[in-house]
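Please keep the structure in view while reading the points below.

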Amino acid sequence: MFDLSSRTAKVVFFGTMCLIGFYMFFPLYWMITSSLKDNAELYRVVPTLYPHEITLKNYWTAISESKLLTYLTNSLITSGSSALLNTILALYAGFSFAKYRYFGRQPVMLFMLSAQMFPFGLLLISLYPLMTEVGLLDTRLGLILSYIVFALPVATYMLYSYFSQVPDELIDAARADGASDFRIFHTIVIPISIPPIVTVFLYSFMWSWNDLLYSMTVIVSDEKRTIGPGLLLTYLNELNADWGGAMAASLLVSAPIVAAFMFLQRYFIQGVTAGAVK
Amino acid sequence: MAKLELKNIRKSFGSVDVLKGIDLMVEDGEFVAFVGPSGCGKSTLLRLICGLDEITSGQMAIDGELVNDVPPAKRGIAMVFQSYALYPHMTVAENMGYALRLAGTPKQEIAERVNKAAKKLRIDTYLERKPRQLSGGQRQRVAIGRAIVREPRIFLFDEPLSNLDAALRVEMRIEIARMKETLGTTMIYVTHDQIEAMTLADKIVVLNAGRVEQVGSPLDLYNKPVNRFVAGFIGSPKMNFLKLGARKGEGAFAVPGGEVRLPRNLSSAPAEIGIRPEHVELVNRGAADSLAGTVTITEHLGSDTYAYVALDGSEEMFVVRLSGDRAVKRNEPIGVHVDPAMLHVFSADGQSIASARPVALEAA
């Protein structure tokens, strides 16, 4: 058998880890270094591995001259609202599926999950005329609702899995204490489900934050544009490609989500691993 | 305190009948234990009494008032769950006062009642802790405290000690016995542990496959089981059963290892006998009134020794309970002395047609 404590194994292990690390972090490294280079250095035929002359011009331009702040605000509004609504809806749906027995429970759940089987682009073809029909095109609400359509099934399933593990005896105890189902859910179940709730919120938030296709199609006017299409159309359009500016702007707008992750990662990991060990 | 009356209680889950007509009367202040094998319906019955599940048919009354449709909190019943079921995000005090808070009891009164119950259970120094900061025994005390605080008419316990280790179980058993004495409230206790049932209960209800097999005092069930099921279920180690073979003269029947004499005037034809391990003795092979066999396994528990004997002509083990200092050699050919007065006799349908008469009772 291969001895995992041998020197060779350690070298192979370390080497593999370095390769994976390089593969994962090199794009980020490239993004940071590119944002700090001036155009002359950026467009050299032989690219430089690190900025020979560091400049913060790209950052300054992104903040002062582009509509970055507008796009950021729009993204925060749409992503935050869709994540919040999605989490609330998934909470009730997940709890209902996990703890109540009623006719059609399983088929409804499967039906919801089956929505995930369609490519997102395909669903856009049917959603687009529908949105035009009900006047939701070029509205934040339209975008928020379409994000919910995609994130809700998985979010519901994630919370369903967690709620299924909440001991029935806990709910029975509260019922015997005189609590209504509504109160049991709000005063007992939700407070003990913070990690999965945070996980679902972050999942939904990331889903909409990272989206390009829907935000680009549903939103047409510039003042409602979210960060993805905003950056794309500002820096990488038909006429020019300002890679340095695009990198600096991308890093700036990634900051809030990275900060949120760092703050909430404890809950996120707990949520993802809930039930794995006793 | 309250009187509980169950009349023909049935419970079905879909097409499965879990309880098939339970009739039971629990008197004021009585401690009743429900025992039975897994899946016999004892926990289901407890949940019906609590109001957590709906009765399919039948009538349930507390102090003469029909409570079939009364919600759990309005029945004046408190339940202690097997897994404690403490609210993990609340402190001990909040856990104990939750029901009172829901009932709109003033804060001052909640605090007083929680403190009083906590002192009684010696958990008053942990009131601000969360359940995860407590040991198993302390958690169980909090679960009991949560029930006491409500000052219920009836306490329900669903295997409350089964998650505790052996030493803690004994300690908590004594705690519950003390609680029974001081509170005097009607208590219903589900357990699969016979020792708990025998030591705590005034009355034991033996359930099997959704029916009540027998209701009686612990000693009644031990001495006079009405059928083979109860005889086999009550007592540890369980009763030895021997199928009766050919008749060997007046009142005597062949059994593995020899023959036994049965009491006369039996109400119906005997088919099987039962003998408790503590009602037989090991004697020399060939002694009068003894069955021949060989000791195959011995278990030394200190206070007792169990000898597992293979009776001649039988592959089943016959258990004999001996005093702890009794030396028994493995593979030793021996005789098992059977006193006819200590025999339980069963008919072909498993009904008891003669019970053992313990010496003390006979003398009285």
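The largest cavity of this predicted model is lined by residues of both chains, with A173(A), A176(A) and D177(A) from chain A, and A78(B), M79(B), F81(B), A143(B), R146(B), A147(B) and R150(B) from chain B. Its volume is about 50 Å³, and a search of the whole structure finds two cavities of 30 Å³ or more.

**The largest cavity**

- Two or more lining residues come from each of three elements, namely α8 of chain A and, in chain B, β6 and α4 (136-149).
- Among these elements, α4(B) gives the largest share of the lining of the largest cavity, which amounts to three residues.
- Divided by class, the lining of the largest cavity holds seven nonpolar residues and three charged ones, with no polar residue.

**The second largest cavity**

- The second largest cavity, with about 30 Å³ of space, is lined by F97(A), M109(A), M112(A), L113(A), P153(A), T156(A) and Y157(A).
- In chain A, the helices α5 (105-114) and α7 (140-165) each contribute at least two residues to the lining of this second largest cavity.
- Six residues of the lining of the second largest cavity are nonpolar and one is polar, while no charged residue takes part.

**The second largest pocket**

- The second largest pocket holds about 670 Å³ of space and has a lining of 30 residues, of which D172(A), R175(A), R47(B), L52(B) and D53(B) lie nearest its centre.
- At least two lining residues of the second largest pocket come from each of α4 (68-99) and α8 (168-176) of chain A and α1 (42-50) of chain B.
- Which element gives the largest share of the lining of the second largest pocket? That element is α8(A), with five residues, and α8 of chain A is also one of the elements that give two or more residues to the lining of the largest cavity.
- By class, the lining of the second largest pocket is made up of 13 charged, twelve nonpolar and five polar residues.

**The sheet of chain B**

- Chain B contains an open sheet of six strands with mixed pairing, in which the order is β6-β7-β8-β3-β9-β10.
- The edge strands of this sheet, each of which pairs on one side only, are β6 (77-80) and β10 (211-216) of chain B, and from one strand to the next the twist averages 20 degrees.
- On strand β8(B), V190(B) is the bridge partner of D158(B).

**The domains of chain A**

- Chain A is divided into domain 1, which covers 7-55, and domain 2, which covers 60-273.
- The centres of domain 1 and domain 2 of chain A, taken over C-alpha atoms, are separated by 32 Å, and the contact takes eight residues from domain 1 of chain A and eight residues from domain 2 of chain A.

Conventions. Residues are numbered from 1 along each chain as its sequence is written. Chains are lettered from A and ligands numbered from 1 in the order in which they are written. This is a predicted model: local features need pLDDT of at least 70, side-chain atom pairs count only at pLDDT 80 or more; totals for chains, interfaces and linings use all residues. Side-chain values use heavy atoms; hydrogens and water are left out. Two strands pair if DSSP finds at least two bridges between them. Helices (H or I, at least four residues) and strands (E, at least two) are DSSP runs, numbered from the N terminus. Axes are lines fitted to C-alpha atoms, for helices over the stretch in contact, and angles run from 0 to 180 degrees between N-to-C directions. On a 1 Å grid over the protein atoms alone, a cavity is a set of points where a 1.4 Å probe fits but cannot get out, and a pocket is an open set with protein on both sides within 12 Å along at least five of seven lines; lining residues have an atom within 4 Å of a point. Grid points are joined across faces, edges and corners, and a volume is the space filled by probe spheres set on the points. Ala, Val, Leu, Ile, Met, Phe, Trp, Tyr, Cys and Pro count as nonpolar, Asp, Glu, Lys and Arg as charged, and the others, Gly among them, as polar. Domain bounds come from an automatic or database domain assignment. Contact means heavy atoms within 4.5 Å.
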